[in-house]
Amino acid sequence: MTDRADYAFMARALHLAERGLYSTDPNPRVGCVVVRDGEIVGEGWHCRAGEAHAEIVALRQAGERARGADAYVTLEPCCHHGRTPPCSDALIAAGLKRVVAAMDDPNPKVAGQGLAQLAQAGIAVESGVMRGEAERLNPGFIQRMRAGRPWVRCKLAMSLDGRTALANGESHWITGEAARRDVQSWRARSSAVMTGIGTVLADDPALTVRLEPALWKQRGCGEEIRQPLRVVMDSRLRTPAVARLLKQPGRTLIFTAGADPDAVQALAEAGATVSHLPHAPDGTGVNLQEALRLLAEEGINELWVEAGASLSGALLQAGLVDELIIYMAPLLMGDAARGLFHLPPFDRMADTIGLQISDMRAVGDDWRITARPRRTQDAL
C-alpha cells in the first residue's frame, strides 16, 4: 500500500534519475533508492548505456543491507539481457522484500514482465507511484517505444511581433546570451539536432553542444561532452562538403531524395552519412515520417529541431512536432521581417493550430515559452 514515505523515496529516485539527463542515450534516465527500516541504505542512477543500471548501483552501495529492504525505481526493472544482465535477477538475488516502480517499462522486451518476475519470486511489487513525473523525465524513450518515432522539440527565436529574421535574412542575434546558453542545455539533453538545408547554406552552423565543462562534470557524465547526432534535411543534396558541421566531433546524417553520385561521394569523404528517402507525399522535400522512423531505429529519443520556417512549418503541419520551445525577445522587427512558420492560409479559425502553453519564464532579458500543439498535448 502506497504511503507518504513511498512518495518521498520515489521523489529522491527521480532526482537521481535527472543526473543522467545528458548521458544515457539511447537508454532511459532511471534512478533507484534502496530503503531499510525507513533509512536509505543505497542509491544510484544510470549514467551511460553499457554501464550499470540504477538498480545495480544502488544494490552495490547497499550491500547486505539490501536483504529485506524496499527498492524504489523510476522505471520497471529490466528482465532481458542487453549490454548488461537483467536487473530483475539482481533484485531477486539481493533478497529484497518490496519493489516500487514509478511506471511500467514501455519497451516490448519488458512491458510488465520485469515486475511479474519479481512477484513470482515472492517480492511485493507496486507500480504507478509518481508516474506522471517519471513519464516527463523520458518523453523520447517512451514515444520511441510506443509510436516508433522520437519526441520532437522545435526551437524558435522570435521578436515580440513574431519575426525570426529581417527581410534580408539577418538574425544574429535576436535573443540574448542567457537564452543562447539555455539552448545549449536543451541540445545537450537531445539525442540529435536537426536542421534544414536552407539554414546550412545561410548560416553554416556547427550544431554542437557548447556547454560549460564544469556543468557537464557536475552531472557526473565524465570528462567528454557527448555530441548529439547532427541531422540535415536536404532533398536535393546541396550540403557543401566544406560545411562547418561536417568538421565537428560526432556524426552527421544527411537525409536526401536526390541521387547525385558525385555529391554523395564528396559528402561521404567529408565524413557524412547520406541516407536516401522517398519524397514527401506532396512531392516536395524528404518524407519526414520516414526520416523520424529511421532516427528511432538509430535509438534517437529526443530530437531538437533548429530550422527555418519551411522545415519547422512542414513538421508542424504534418503533426510531427510534440513540443515548441520559443524564445521571445523584447524587440520589434517590422512587417517585412520573416515569420516563424511557412503554413498554408487558413480560411476559418477552426482550422488554425492551437497551442497549449505549459510553461513561460524569463531567461535573461528574453522569455521562454514552452507549448504543445493541442493534438499532441495528451501524448504522454
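**First stop: Thr370**

Select Thr370: with a relative accessible area of 6%, Thr370 is buried. Buried means under 20% relative accessible area, exposed over 50%, and partly exposed in between (1.4 Å probe, protein chains only). This is a predicted model, in which local features need pLDDT of at least 70, side-chain atom pairs count only at pLDDT 80 or more, and totals for chains, interfaces and linings use all residues. Residues are numbered from 1 along each chain as its sequence is written, and side-chain values use heavy atoms, with hydrogens and water left out.

Thr370 lies in strand β16 (residues 366-373). Helices (H or I, at least four residues) and strands (E, at least two) are DSSP runs, numbered from the N terminus. Now show the surroundings of Thr370. Leaving aside neighbours within four places in sequence, Thr370 is in contact with Glu323, Leu324, Ile325, Gln356, Ile357, Ser358 and Asp359. Contact means heavy atoms within 4.5 Å.

**Second stop: a surface patch**

Select Ile357, Met360 and Trp367. These residues form a nonpolar patch on the surface, with about 310 Å² of accessible area together. Patches are made of residues with over 30% relative accessible area and no salt bridge; like charges are joined within 9 Å, nonpolar side chains (Val, Leu, Ile, Met, Phe, Trp, Tyr) within 5 Å. The areas come from the Shrake-Rupley method with a 1.4 Å probe; for residues, only the protein chains shown count as cover. Met360 is in strand β15 (residues 355-363). Its relative accessibility is 45%, so Met360 counts as partly exposed.

How many salt bridges does the structure hold? There are 20 salt bridges. A salt bridge is a side-chain nitrogen of Lys or Arg within 4 Å of a carboxyl oxygen of Asp or Glu.

Start with Asp359 and Arg368. Their side chains meet in a salt bridge (3.8 Å, N to O). Arg368 counts as buried because its relative accessibility is 10%.

Next, select Glu323 and Arg153. They form a salt bridge, with the closest N and O atoms 2.8 Å apart. This pair links distant parts of the chain: Glu323 sits in strand β13 (residues 323-329) and Arg153 in strand β6 (residues 151-159), 170 residues apart. Are these two buried or exposed? Glu323 is buried, with a relative accessible area of 9%. Arg153 is buried too, at 4%. Arg29, Arg153, Arg189, Glu302 and Glu323 are linked in a network of salt bridges.

Move on to Glu135 and Arg146. Their salt bridge has its closest N and O atoms 3.8 Å apart. Glu135 is in helix α5 (residues 131-137) and Arg146 in helix α6 (residues 139-147), 11 residues apart. Glu135 counts as buried, at 13% relative accessibility. Arg146 counts as exposed, at 52%.

Select residues 229-233, strand β9. 5 of the 5 residues are buried, so β9 is largely enclosed by the rest of the structure. Leu229, Val231 and Met233 point one way, and Arg230 and Val232 the other way.

Show the partners of β9. Strand β8 (residues 192-196) pairs with β9 in the parallel sense over 5 bridges. Two strands pair if DSSP finds at least two bridges between them. The bridge partner of Ala192 in β9 is Leu229. Strand β10 (residues 252-256) also pairs with β9 in the parallel sense, over 4 bridges. In β10, Arg230 has Thr252 as its bridge partner.

Zoom in on Thr252. Thr252 counts as buried, at 2% relative accessibility. Its side chain makes a polar contact with the side chain of Arg230 (3.0 Å). A polar contact is a pair of N or O atoms within 3.5 Å; within protein, one must be able to donate a hydrogen and the other to accept it, and residues adjacent in sequence count only if both atoms are side-chain atoms.

Select residues 31-36 and 39-45, strands β1 and β2. They pair in the antiparallel sense over 6 bridges. Gly31 stands opposite Trp45 in β2. The two strands form a hairpin with 2 residues between them, and Asp37 in the turn has a positive phi of about 55 degrees.

**Last stop: helix α11**

Select residues 288-297. In this helix, Leu288, Ala291, Leu292, Leu294, Leu295 and Ala296 are buried. Asn287 caps the N-terminal end of α11, with a side-chain oxygen 3.2 Å from the backbone nitrogen of Gln289. Just after α11, Gly299 takes a positive phi of about 85 degrees.
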